[in-house]
Amino acid sequence: MKNYLIAPSILSADFARLGEDTAKVLAAGADVVHFDVMDNHYVPNLTMGPMFCKALRDYGITAPIDVHLMVTPVDELIPAFAKAGANNISIHPESTIHLDRSLQLIRDNGCTAGIVFNPATPLSYLDYVMDKVDLILLMSVNPGFGGQSFIRSTLDKLKQVRKLIDQSGRDIRLEVDGGVKAENIAEIAAAGADMFVAGSAIFGHDYKQVIDKMRAELRS
Ligand code: DX5
Ligand code: ZN
């Protein structure tokens, strides 16, 4: 079986008990913590900064932290999140004037680098930076909020990106974010994704039951 990763988005966790809730979802079988950073500028919502990431590390969270930056400008936050304990940092190409430089900055700070495509963002941004990315994240909702419905045109886009990754011969993760649940995860995996962000489908439910169901769907 493929090495699939399940990455709960702690945007839907209990913010008043963030450490505890994050530990709980990891104990229930999650692989990676997906950490959504929103600035009320690039997206119309406001969430967590690097201090929250460091607080999770200080609390004892050792799992990989996958930081999804929905902010502009991005460059100042890259070293700050690397220092705060991030493992991967993903950025939206429209949020930086110098994409190549920002991706390089992520690696220079010791993290893996991700590029994020909104539902209507063209893949052509990849043309000249494929060698600078370790992860490609396709948004299957418009970013800003949890609990939205999966946009089905993402399935075709996933297939296109899967081809590009395979052609590159590089080991690049293909992550999908937005509206992912046990009911559609198999179809999303079939289109080529190997890393799945899920917020509202996990938090507010029985974490272990949902994650087990997702893994069962990925096996079937
Ligand atoms: C949306 C965020 C997502 C969000 C996913 O802007 O990037 O990570 O938390 O939430 P669900 O799984 O509820 O669609
Ligand atoms: Zn996200």
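Reader: Before I look at details, what is the mean pLDDT of the chain?

Author: Keep one general idea in mind: where pLDDT is low, the predicted coordinates should not be read in detail. Here the mean is 98, and 100% of the residues reach 70 or more. For the complex, the predictor gives an ipTM of 0.99 and a pTM of 0.98.

Reader: Okay, now the overall picture. How many helices and strands does the chain have?

Author: Seven helices and eight strands. The C-alpha trace spans about 40 × 40 × 30 Å along its principal axes.

Reader: What does the radius of gyration say about a chain of 220 residues?

Author: You compare it with a rule for globules. A compact globule with 220 residues would come out near 17 Å, and this chain has 16 Å, so the two agree.

Reader: And the inside? What share of the residues is buried?

Author: Buried residues are 42% of the 220 in the chain. The largest nonpolar core holds 64 residues, and Val-67, Leu-69, Phe-81, Ala-86, Ile-89 and Phe-196 have the most contacts inside it. Take Ala-86: leaving out neighbours within four places in sequence, Ala-86 is in contact with Cys-53, Ile-65, Val-67, Phe-81 and Cys-111.

Reader: How far along the sequence do contacts in the chain reach?

Author: Look at pairs at least 6 apart in sequence: 63% of those contacts join residues at least 24 apart. The C-alpha atoms of Ile-61 and Gly-19 are 7.6 Å apart, though 42 residues separate them along the chain. Setting aside neighbours within four places, Ile-61 is in contact with Gly-19, Thr-22, Ala-23, Val-33 and Leu-56.

Reader: Why does Ile-61 count as partly exposed?

Author: Ile-61 has 19, so it is partly exposed. Lys-54, which sits in helix α2, is also partly exposed because 16 other C-beta atoms lie within 10 Å. Beyond residues up to four places away, Lys-54 touches Ala-84 and Gly-85. Its C-alpha atom is 22 Å from that of Ala-198, a residue 144 places off along the chain.

Reader: Let's turn to the backbone. Which residues does the cis peptide bond join?

Author: Here's the background: most residues other than glycine have a negative phi, and most peptide bonds are trans. In this chain, a cis bond joins Thr-72 and Pro-73, with omega about 0 degrees. Pro-73 is in the loop between β3 and α3 (77-83).

Reader: And where is Asn-40, with its positive phi?

Author: Asn-40 is in the loop between β2 and α2. Its phi is near 60 degrees, and Asn-40 isn't a glycine. With 12 C-beta neighbours inside 10 Å, Asn-40 counts as exposed.

Conventions: Residues are numbered from 1 along each chain as its sequence is written. Chains are lettered from A and ligands numbered from 1 in the order in which they are written. This is a predicted model: local features need pLDDT of at least 70, side-chain atom pairs count only at pLDDT 80 or more; totals for chains, interfaces and linings use all residues. A residue is buried if 20 or more other C-beta atoms lie within 10 Å of its own, exposed if 12 or fewer, and partly exposed in between; C-beta atoms are placed from the backbone. Two residues are in contact if their C-beta atoms, placed from the backbone, lie within 7 Å. Helices (H or I, at least four residues) and strands (E, at least two) are DSSP runs, numbered from the N terminus. The radius of gyration is taken over C-alpha atoms; the globule rule is 2.2 Å times the number of residues to the power 0.38. A nonpolar core is a set of buried Ala, Val, Leu, Ile, Met, Phe, Trp, Tyr and Cys residues joined through C-beta atoms within 7 Å. pLDDT is the predictor's confidence in each residue, from 0 to 100.
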